[in-house]
Amino acid sequence: MLAGLPMALLASPAGAMQLHGYAKATASAQLSDEPWVDATSRLQADLSGKTRGASFRATVDLDMDAGALDMSQLSRRELELELIPVECRVGAHGSWFDLFLGKQYVFWGQTDWINPTDLFTPWDYVHMSNELEDYRIAPWAARFQAFFGQASLDLVWVPYPVPDVMDFSSMESDTVHVGDPVFTREHPFDLGLRLNGRFAGFDASLVAFSGMDKRPGFSMEMDLEATPPILELVPTYGSMQAVGGDISRGLGPLLLKAESAWYRTEDLQGDDPQVRNPELYSVAGLTWVPGNHLNMSLQGTWSHLLLFDPQADLAALEAMGDPEPSADALDTWGLVERLSWSWRDTVSLSAVALQYLPDQGFFGLGYLSWRAADGLTVLGGALLFGGPRGSTFGDISELSRVFGEIKYSF
Amino acid sequence: MKWLTDASIRHPRLTLLLVLLSTVAMALGIHRLEVDPDVLRDLPDDLPAKALYDRVGDMFPSKEMLFIGVRAGDLRSPEALRQIQQLTRALERLPVVQQVLSPTNATVVVGTAQGMEIRDAADPFPTTPSEAGAFWDFLQEQENLSGMVVSQDGSVAAILVFLQARLQGTESEAAGEVLQVVEREGGDLELFPAGRPVVTYYSSKTIGKETGMLTSAALVLMIVLLGLLFFNLRGVFLPVGVVVGAVLWTMGGMGWVDLAMTHSTEALPILLIAIGVADGVHIVQAFVSRARATGRKLESVRATMDDLRRPVIMTSVTSAVGFLALNTSGVRSIMILGMLTSFGIMVALLFSLSFVPATLCLLPLPRSARKAGQGSARASLGRLQRLMVAWGDLLLKHRLAASLLLLALVALSITGATRTQVETSILANFPDDDPISISSAFIDQHFSGVTNLQVVFEAHEPDALKDPAFLQGIQDFETFARGLDGVGGTSSVLPMLRAMNRVLHQGDPAWDRLPGEQETEQGFDYELDENGNELALPVERQVSGRQVLSGYFSLLEMSGKPGDLANFVTDDYSSAKVTLFLTSDRKKVLDRVVSQVRDYLANHDTGASVEITGMAALMLAVNDLITQGQALSILVSLSLVFLVTALMFRSAVLGLCNVVPLFVALFFNFGVMGLAGLDINLMTMGVSSMAIGVGVDFAIHFVHRYRVAFAQAGNPRDALRNTMAESGVAIIMNMVAVAGGFLTLLLATFKGVVTMGLLISLIMAFSAIGALTILPLVFVGLRPRAIEGGTGRGPGAPGRALLLLLALPLLAPSPAMAQEADGRAVMEAIENRSSFHDMVGRLTLTLTSSNGGTKERVLKMASQENHEGETDMILYMESPADMRGNAFLLLGHADRDDERYVYIPALHRSNKIVGSGRKGAFMSSDFTYDDIGMPDLDEWTWTITGEQELDGHPCQVIEARAASDKVIRETGYTRVTWYIDRDLQTSRGADYYDKQDILTKKLRVNQVREISGVPFATDMSMVDLGTGHSSRMVMSELRVNQGVEGTWFTNRALQNGF
């Protein structure tokens, strides 16, 4: 289809095809005791085409990863070329519907960064950068959207969902081993429905989802025969159903947003510490635009575990032989702050920070960019993970880095 | 409600889906609907007649009875008697039956050798023809049974079934059970069930069925008539859809909240059809007219709804309020009718504002709008318009004659109205050949009568009935009552007592009376003679009548059946009931008998308090309640209609104008009824209320249309012609369709339904006449200020000249005033010239920094004026490459903040954003959002300050000063100096002064082109004097007022492009 459609579009008088993309070079240095430098060049090509009733888009990244440079020896590893399909989809369009098939991003939700109803597109926490394609993974999906004026119905089916990409290496030690991931459903798929509408200044949606819980639970097995005994942690991805919604409304320079979802996991009784508890996850906040150049956002997040008995969890973990059993917190609060400032499309500052209040872990991404010319941007920033050991972000603090980038768009 | 119409036009499919789903959900309640014809349930508990009726029901075990006339091939055969006995026993077994009185089980007093026996009449049961014959002869001789269970001529018999006073279900249901037994156990007997419970039972079945069938027929005929009038499906489907929806919602809603259908609410579908169809007809007719004129569907729908939304809401609210006034009637079912009708009207309003415009948006243009000037529909509507215009012209020409004629008709109507009769007889509604009419006539002919009144004598002390004087008083009354015209017979305990008195005195007719105060009883004293033999010596003893009566009552208690006494006297013998059987249930008969009885009782002291009760008496009281209540509720309705319409039109005069046609319609209605001898009853009473709902609809539409037309035309003649052509046509179409449709009710067998059909048609016609005759005469004759405003009646020519002369110094304008007025006028002229509905084009925005560096942005943009009169805009970045695909959507709102959305391709999502307001920078340029549009003239004061040449163009200089601090705050400017090209009459530039009144920015228009007749500034530059930055905006590939797709201004278009 992707090969044929461009040919058809080229031949069709009503068709239109475009090629765009960017080329960029990025260098980043890790902020740790063992600093490394990662240099990456990327060429992204975005081919899109459209005719009266059909469209297609194919976005491909060609990454040349120079890998880590050993500063002390000024040596470098071999170049690794990697072709990464970012998006490849075709679309059929009617007067009141769109149908998209292929690899595509599906984003639901209205709040910033944390979206409880955004359940189709997994996160890549390992290769995170300021580019979307680096921290979100477009799934292969079929998406049907029906439009009734300012209301819409969105039906999505992902036949082969993938979980979030996470780095479990920090969990490994001499006595803890992380195994290969396991999926509780033999043929998992994601299916979701979103009804969105505008009324009286409000934008609101209702969402229903059934599919893979992309966040792992961990099943545990003690290998008592080993010396010392080794705890085998196996990331386990179970199924989940979710119901939720979002709403927003503008009031002068303020934009109020809220989003919430109830997750129903496989731990129906709430007594299995190896499976994620059902959860109510909510975000609410506001964005303030006091002037032409400044845009600030503050959001609170709240996660509340349902059917949760910490004592039962601890007892179960002890029974399994966990040497350091610990139970999750019933409620987890967080803050998300975002700020962007720009001056005449030339200089802009963007920053986002996420902090979980109970464990004090935090994540921050900020960068300053300068638009040297149309299409040419120079950017410098930092990606920070921090917090006490054992906290969500504290365990991956060594992934913090600073980066610089030069990008040309065409 | 504007948002509802607008939303329906924007989302027609969703609207129809929601309407369908909700209607189906409501309609599911219909299967739960039950019928309750029992009038008694509706009566307020504090109604004295009802309280009395209930109290008497507690005193005596039965309140109502059925008559079952019996005719057999050979009544005097044992076989016939056996069948009567079998039927009697079957009836006695029914739980709803308190007592059965039939030839075979009636209690009789007979003399015996030992004295007296109280036994069943058919004991021993006759087994031979001669015994049977003797039996019937014997029955005829019994005063208390002749005329009750056997006719006086002995040819037919009757069974009286006394229903329990306290029934679990309704009286009608009890009657139904009795009738089932009658049908099952009747054998070969020819039976004639009659009595009020039977009438109620059959009327609930008949009326409901007939009304339902004929209302459906009326609807079908209405559909045909609408089709003939409109000659297209939308003219049929839409008004009918509205009323069907309203009926389904209302009836279904009744089912869901367990409200039963009563005799009053049975008129509900009819009311809703008649009232609810109007708005749909008006809307469709106006839409078709507009579509023919413009050829544009959406525009026509919007314009029609914008024009008619207000009158449609007004008519519905006013009608609903008018019907709510029925709450003053005092009768529950009529109060509920009022509330349900109000609800149904509001549902019809909802449908008119959502379903109708949504459907019009989806249906294609009428053929006549696509093919201009062709088609028979256009010709027929044209003819109708010409007819209505001619009618208006005729009224104008012969105003005096028309007014006099109208007054004469009103006078005649008043005469007729005074002759209207109220009739409570439900039986009168049945045709003469209906079985219930035949049965009732049978009973009335052969027996004492089907209808009964109960007269209760209460002495308030136990054993009062054992007082001979008290009983004699009752006897005297009964004798009087039997002699009244209309009274076929009476029934009480007295015949039984007289029979006992006679029998105990060897049947001597002289003793066929009640015992007196003292009675001389013959007795014997026993003595022994000298031989020791017992000698019986006759003696006379004086015995008190009370003692005698006590003895008689004791004998009846011991020997008779419990029902023998219980239905006549209370257990403590303090009260007695006398039943009067009437030969007719007509109100005038009831009124006369009751009046005569009251007169008698007022003039004869019986030593007790006497009350008249029974269902007939109760119906009289109900009738009074309804009549007074209806009069009050109509008055309240009219007052409320006046208040509401006066408020809506902001004029008491126009409020009166809306009410006057209603008065006339009501007068005509009652006048015709009186002159034609049509009775007012419970059914027709509810329909009279319809006059309010229909009449006010016609009046409001007419008044609204006339006001608008006068504002445009400026003179009454043209205004009337326009109104007649528009609203007049719609009123006539509505009237013809509904009146014609309901003429099908004339086919009913139930007279009440026939009357109802006639009345509805008459009301529709009179209401239309009222609106189309009275209102034109009022508006043209009186020239009310409320219509004509300041141009209404004023002083004549000499007066005007004098005023001008006197006022001239005052009126002379100051130079400043003149210039301010002129400045605004200039800007208004520019605004009018340069306003446009929609545009599409390409915008090249060049941003130049203070050091000369430039950046170029190319955007595709589209804008349109939305239904709120605000601007929707979408921008799509085409270059530079790193911003390509960024899109911005603005949805303007008049009554709240504008909504903004942005789509960033890199983020693959559209987000709602807020802006920094009007003074926010447009696309990071030196233009603000406020700068790129036309200023709001009301926010500034405009003064012409002089002339100046700008870039070689002679310009008029107009200074605009912010009218308030709010404007300064929101725009950032204290004042703006505009340079208006004298030749092109368009802006050539502007100088902007900030909050400190310092010149901050300069706008210069480099090029003006006329596109589709609209002058467009296609090349503009803005210089920020503070920063040295400048921006240039060049428009190309412009299309103005060529139409844009509504789907361009959606989130979908943000992501997919347009």
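Let us begin with strand β18 of chain A, residues 294-305, in this predicted model. One face of the strand is covered, and it carries A:Asn295, A:Ser297, A:Gln299, A:Thr301, A:Ser303 and A:Leu305. The uncovered face carries A:Leu294, A:Met296, A:Leu298, A:Gly300, A:Trp302 and A:His304. In a regular strand, side chains alternate between the two faces of the sheet.

What does β18(A) pair with? Strand β17 of chain A, residues 279-288, pairs with β18(A) in the antiparallel sense, over 10 bridges. The two form a hairpin, with 5 residues between them, and A:Glu279 stands opposite A:Leu305. Strand β19 of chain A, residues 331-343, also pairs with β18(A) in the antiparallel sense, here over 11 bridges. In that pairing, the bridge partner of A:Asn295 is A:Ser340 of β19(A).

B:Trp978 has B:Ala990 as its bridge partner in β22(B). Then β22(B) pairs with strand β23, residues 999-1011, antiparallel over 5 bridges. There B:Gly989 stands opposite B:Arg1004.

Next, the nonpolar cores. Which residues of the largest core touch the most other members? In this core of 239 residues, they are B:Ile68, B:Val149, B:Ala158, B:Leu160, B:Val161 and B:Val243. Helix α11 of chain B, residues 332-362, supplies the largest share, 17 residues. Setting aside neighbours within four places in sequence, B:Val243 is in contact with B:Leu272, B:Ile273, B:Gly276, B:Val277 and B:Ala348. Another core, of 50 residues, lies apart from the largest one; B:Met839, B:Ile874, B:Tyr876 and B:Leu889 are among its members.

Just after it, B:Gly677 takes a positive phi of about 75°.

Some details of the backbone also deserve attention. A cis peptide bond joins B:Asp123 and B:Pro124, with omega about 5°; B:Pro124 is in the loop between β4 and α5 of chain B. A cis bond also joins B:Ser879 and B:Pro880, with omega about 10°, and B:Pro880 lies in the loop between β15 and β16 of chain B.

Is B:His460 buried or exposed? B:His460 is exposed, because 9 other C-beta atoms lie within 10 Å, and 12 or fewer is the cut-off for that class. Although not a glycine, B:His460 has a positive phi of about 60°. B:Glu1037, in strand β25 of chain B, has a positive phi near 50° and is likewise exposed, with 9 other C-beta atoms within 10 Å.

Finally, confidence. The model scores ipTM 0.90 and pTM 0.50. Chain B has a mean pLDDT of 82, and 92% of its residues reach 70 or more. Where does pLDDT stay under 50 in chain B? One such stretch is residues 372-381, with 12 contacts beyond four places in sequence; residues 790-817 form another, with 7 such contacts. Where pLDDT is low, the predicted coordinates should not be read in detail.

Notes. Residues are numbered from 1 along each chain as its sequence is written. Chains are lettered from A and ligands numbered from 1 in the order in which they are written. This is a predicted model: local features need pLDDT of at least 70, side-chain atom pairs count only at pLDDT 80 or more; totals for chains, interfaces and linings use all residues. A nonpolar core is a set of buried Ala, Val, Leu, Ile, Met, Phe, Trp, Tyr and Cys residues joined through C-beta atoms within 7 Å. A residue is buried if 20 or more other C-beta atoms lie within 10 Å of its own, exposed if 12 or fewer, and partly exposed in between; C-beta atoms are placed from the backbone. Helices (H or I, at least four residues) and strands (E, at least two) are DSSP runs, numbered from the N terminus. Two residues are in contact if their C-beta atoms, placed from the backbone, lie within 7 Å. pLDDT is the predictor's confidence in each residue, from 0 to 100. Two strands pair if DSSP finds at least two bridges between them.
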